[in-house]
Amino acid sequence: MRPSDMPLISDADASLLATALGRRGLIGAGIAGGILASPLAALAQGAPGAAEITVDQARSEPIPIVIPALGGDFGQQVSEVVSADLGNCGLFRPIAGSLPVGMPDFATYKSLGARALVSGTASSSGGALRVEFRLWDVLTGTQIQGTAYTAAAADVRKIAHIIADVIYERMLGEKGYFNTRIAYIARSGPRAHQTTRLAIMDQDGANSHYLSGGQWLTLTPRFSPANDQLAFMSYANNRPRVYMLNLATGRQQLLGDFEGISFAPRFAPDGRSVVLSATRGGGSDIFTVDLVTRAKRQLTSSGAIDTSPCYSPDGSQVVFNSDRGGTPQLYIMSAGGGGARRISYGSGTYGSPVWSPRGDVIAFTRIANGSFSLGVMAPDGTGERIMTQGFTVESPSFCPNGRVIAFCRQTAAGAGGAGFSSGISTIDITGFHERAIPVGGASDPAWSPLNG
Amino acid sequence: MRLKLLGALGMAVLLAACSGDNTDKGATTGTGAAAQSTGVTPGSEADLVANVGDRVFFELNKNNLSTEAQATLDRQAAWLAKYPQVTIQVAGNCDDRGTEEYNIALGERRANAARDYLVAKGVAASRITTISYGKDRPTATGDDEQSWAQNRNAITSVR
């Protein structure tokens with residue numbers, strides 16, 4: 001039975017069905033973030049869905065997909081956002097084409113070399129927006145997905161990102177990551193004293209705005225798993241410490257009570273605590289702070305610099321950076337502390353490890369001969385692979401499905417700081433399809449979980 | 001002499017920064033030279049920069065105090081003994097050849113090394129605070145060995 005043949009069903013039924021139907025399961029019914037989604041009746045009946053294409057296949061041969069301007073007063077804008085998302089991820093090749101009326105003439109689209117086709121309308125009435133969207137398999141001439149979204153007109157880009165995520169998931173069998181944001185540090189001013197502001201944008205660089213004023217040096221925002229808070233470091237009042245920011249209320253509060261500098265925060269996967277480091281003497285120790293009781297728990301006390309802790313997605317282990325062996329290297333320990341073992345053994349030094357949400361790799365920065373590389377390795381230290389290199393490439397952050405990394409790329413400065421630039425780029429974890437996010441001077445990207 | 005000039009320049013930049021003035025590019029060697037040649041208030045920041053030496057330098061990824069660094073800190077300790085009302089901040093800094101988070105800890109390690117030396121030389125620990133800017137407040141804004149050497153430092157300033 002085709003999902004799109006079914007009448008509107010409840011969320012609970014939808015999730016049951018999704019499980020039963022496997023990875024090509026139902027997407028569509030439900031309410032999220034003030035956006036109502038409901039299935040559209042199918043125009044084509046009873047044919048099988050699209051043949052599965054893997055992400056690996058799409059990397060070598062991006063999926064050709066016709067994305068015409070949809071009908072309605074918002075149709076052009078929705079198409080542009082969807083095309084940019086799918087084209088920019090490197091796994092799709094958007095093709096311009098005419099919008100079909102009713103049942104598409106599949107022979108026409110086949111002749112364009114298309115594998116899939118998008119059709120629909122996006123129309124506003126008052127402040128409300130209704131987007132009807134259908135995804136077609138051009139080869140079999142069947143409807144893969146049909147969904148209507150209603151929302152406030154202000155949410156038009158968000159709906160377009162949701163549609164791009166649906167297309168990604170239906171074509172590739174994995175969750176997309178387009179309806180997400182990236183928190184970052186906006187940078188401006190001279191090299192010697194950059195003004196730094198906490199900032200946030202959509203993953204495509206749209207809707208960027210500041211969350212702090214730039215009076216104090218501010219670094220390393222990190223998203224909570226529930227997507228509602230940031231942990232970050234601020235030098236407010238010349239006391240560098242970790243703070244929390246509630247994104248809904250704007251309320252900001254100090255996290256934990258430490259003698260030294262507290263820094264390098266990351267949330268535990270269950271969102272109940274934050275792991276961070278705090279300086280003591282000539283080193284720094286790793287602690288967790290419970291977000292309800294505020295109780296501290298010390299995980300390391302090596303006397304060396306232990307920092308940049310990051311949990312495995314199951315919460316059982318922590319990867320971190322330490323110079324306990326003489327130079328900065330990567331180590332893994334149990335989430336309770338203890339049992340630390342070194343995993344990095346390439347030439348040079350290592351830092352800023354971050355565990356993939358898929359659990360299979362750890363991304364890191366490696367520094368050798370004055371030059372930076374970004375790479376990934378398995379959690380046991382095997383299979384090290386460099387994704388990209390440069391004067392400075394650091395601060396990797398995974399998108400929710402673990403397929404792409406956002407990172408900071410900086411250029412070398414000449415005399416007086418001339419030629420210095422700092423920006424955020426993304427790259428597929430295979431090292432394919434690097435591109436800059438057009439947001440200006442920036443560093444410290446933190447990719448959000450999927451938005452509701 | 002060259003180091004002192006750079007020190008004065010760096011401090012001018014820092015002072016401009018503290019006042020929220022982003023026109024620190026206006027700080028020139030001329031400004032630094034002026035601070036040195038004209039009479040400065042004894043016990044002031046300018047006095048420290050011009051006549052004592054406000055900073056010590058470190059090797060790559062190290063926090064050992066060189067003979068030269070110890071000599072500078074000896075002068076700072078003597079100067080602080082002369083002006084007991086002065087309290088100071090020691091700020092550790094790093095070149096940009098390390099990661100952001102590691103360098104915050106490394107800068108603090110350097111600030112602590114300078115602080116511990118001053119305390120060992122008789123300066124009350126209560127007169128000294130430390131901070132680290134990691135690699136985010138470079139004195140020299142180029143990216144070459146010379147600039148990096150300038151940026152691996154612990155800078156003493158009057159609070």
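Which residues of chain B does UniProt mark with the feature "domain: OmpA-like"? Select residues 45-159 of chain B: that is where the unreviewed UniProt entry puts it. UniProt positions follow the numbering used here, the feature names are shortened, and such annotations may be inferred rather than shown by experiment.

Before going on, a word on what you have open: this is a predicted model, in which local features need pLDDT of at least 70 and side-chain atom pairs count only at pLDDT 80 or more, while totals for chains, interfaces and linings use all residues. Residues are numbered from 1 along each chain as its sequence is written, with chains lettered from A and ligands numbered from 1 in the order in which they are written.

Stay on that span of chain B. Its end C-alpha atoms lie 9 Å apart, and the span is 45% helix and 17% strand (helices are DSSP runs of H or I with at least four residues, strands are runs of E with at least two, numbered from the N terminus).

**Where chain B meets chain A**

Now show both chains. 30 residues of chain B are in contact with 41 residues of chain A, contact being C-beta atoms, placed from the backbone, within 7 Å. On the chain B side, color α1 (2-18), α5 (100-120) and β3 (128-132), the elements that give two or more residues each. The largest share, 9 residues, comes from α5(B). By type, this side of chain B divides into 9 nonpolar, 10 polar and 11 charged residues (nonpolar: Ala, Val, Leu, Ile, Met, Phe, Trp, Tyr, Cys and Pro; charged: Asp, Glu, Lys and Arg; polar: the others, Gly among them).

**The two domains of chain A**

The contact takes 8 residues from domain 1 and 10 residues from domain 2. On the domain 1 side, pick out α2 (55-60) and α3 (75-88), which give two or more residues each. Here α3(A) supplies the largest share, 3 residues. That side holds 3 nonpolar, 2 polar and 3 charged residues.

**Last stop: A:V118**

Zoom in on strand β5 (residues 116-125) of chain A and click A:V118. Is A:V118 buried or exposed? It counts as buried because it has 26 C-beta neighbours inside 10 Å; the cut-offs are 20 or more for buried, 12 or fewer for exposed, and partly exposed in between, with C-beta atoms placed from the backbone. Leaving out residues up to four places away in sequence, A:V118 touches A:I65, A:V66, A:I67, A:V82, A:F133, A:L135 and A:I167. Finally, draw a distance to A:A69: the two C-alpha atoms, 49 residues apart along the chain, are separated by 9.2 Å.
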